[in-house]
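Hello,

Here is the structure you asked about. My notes follow below it.

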Amino acid sequence: MKTVTCVEDFRQLYRKRVPKMFYDYTKSGSYEEKTFRDNTVAFENLRIHQRVGVDVSAISTDTEIMGKPVSLPTVLAPVGMLGIQYPGDEIEAAKAAKAFGAPFVLSTMSICSIEQVAEATRAPFWFQLYVTKDKAFLRDLLGRASDAGCSTLVVTMDLAILAQRHKDIKNNLSIRPDFKGLLSYAAHPKWCLAMARTPYKSFGNVVGHAKGVDDLASLLTWAKDAMDPCFSWNDLEWVRKEWHGQIIVKGILHDEDAKIACDIGVEGCVVSNHGGRQLDGAGTTVYWMPKIADAVGDQMELMMDSGVRTGMDIFKARALGASSVLLGRAMVYALGAQGRQGVERLLELLRSELKTTLALSGKCDVASIEASDVY
């Protein structure tokens, strides 16, 4: 096994171990991928002040996220179709999160269901909600998440309309592949064998629960028209009334939208451009994070994603005003490469990188990171 020292190592292993259509699904953005590329460049261009002459013999990355103690300011982000990247990926990721002490967010469009993840982990996790046209289905989803012990709901705001991703179209991305896709599968026999053995082969939160969705064929028909382009702040107010736990809105990329979310009474927001997978040409989260932090102050907890690859990026995110970061692609690379072991290794690597960054910038803990520490 190749020695893994960084996220890029995970990406290279992941690329070798999964069919091309699933690798491309993860490693791509919408349209010309401008925002997708800008996200990582924005973090790379942000510099950290090096400071010396400080006693850094005791470094801690401990903090709190949404009022709960964690060992690292990171959350494992919701990712659709995660269980296709590696058998039972949602369960594997949730177990890794539990072992490390990090929040895990299960996607509406996960392969493993809410109930399967809850039974396998016996630990609380967060649930991500796509707002569909079918309110009865949404109410059922919220009830199932609540029954499973999910304390926090993450409502995705920026997917009322799905943007085009050229690679997915060219690859004919589907869990029911064409001949070209089958050839890609055949080039990865270990992946095929593992997927053949796993009992998790469907979209557990949708099939058998959404009206008229009884199998994968009907799911594909349902998915094309499921998202609600009429989704507005009024719908978020409806969710606020239906859900009795914490709510985080994901996909905020403007200070005025953050203010509206505050007025509705949500507890947190994720400053996000969906990893560059929606509005191509949208600003980076590095640009918008401090503006949103200035606009809403401490009225709700702020997080960010899109482009986070290193412990240094986590340091920069804290300096910009985020309490924590969400790991999307980095998590998928680690999962696809080595399953649960990969995610645990990823989190350890990020913690080590963050500790080193703290020490070399003259800091002893994440709470002491300030806006003036980056430029």
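Cys364 is partly exposed, with 27% relative accessible area, whereas Cys150 is buried at 6% (buried is under 20%, exposed over 50%, partly exposed in between, with a 1.4 Å probe and protein chains only). Zero disulfides turn up in a search of the whole structure, a disulfide being a pair of cysteine sulfur atoms within 2.5 Å. For Cys150, the closest cysteine sulfur is that of Cys112, 14 Å away and therefore too far for a bond.

This is a predicted model, in which local features need pLDDT of at least 70 and side-chain atom pairs count only at pLDDT 80 or more, while totals for chains, interfaces and linings use all residues. Residues are numbered from 1 along each chain as its sequence is written, and side-chain values use heavy atoms, without hydrogens or water.

Most residues other than glycine have a negative phi. His274, not a glycine, has a positive phi of about 60°. His274 sits in the loop between strand S8 (268-271) and H14, and is buried at 13% relative accessibility. Ser306 also has a positive phi, of about 80°, without being a glycine. The loop between strand S9 (301-304) and helix H15 (311-320) holds Ser306, which is buried at 7%. Helices (H or I, at least four residues) and strands (E, at least two) are DSSP runs, numbered from the N terminus.

Regards
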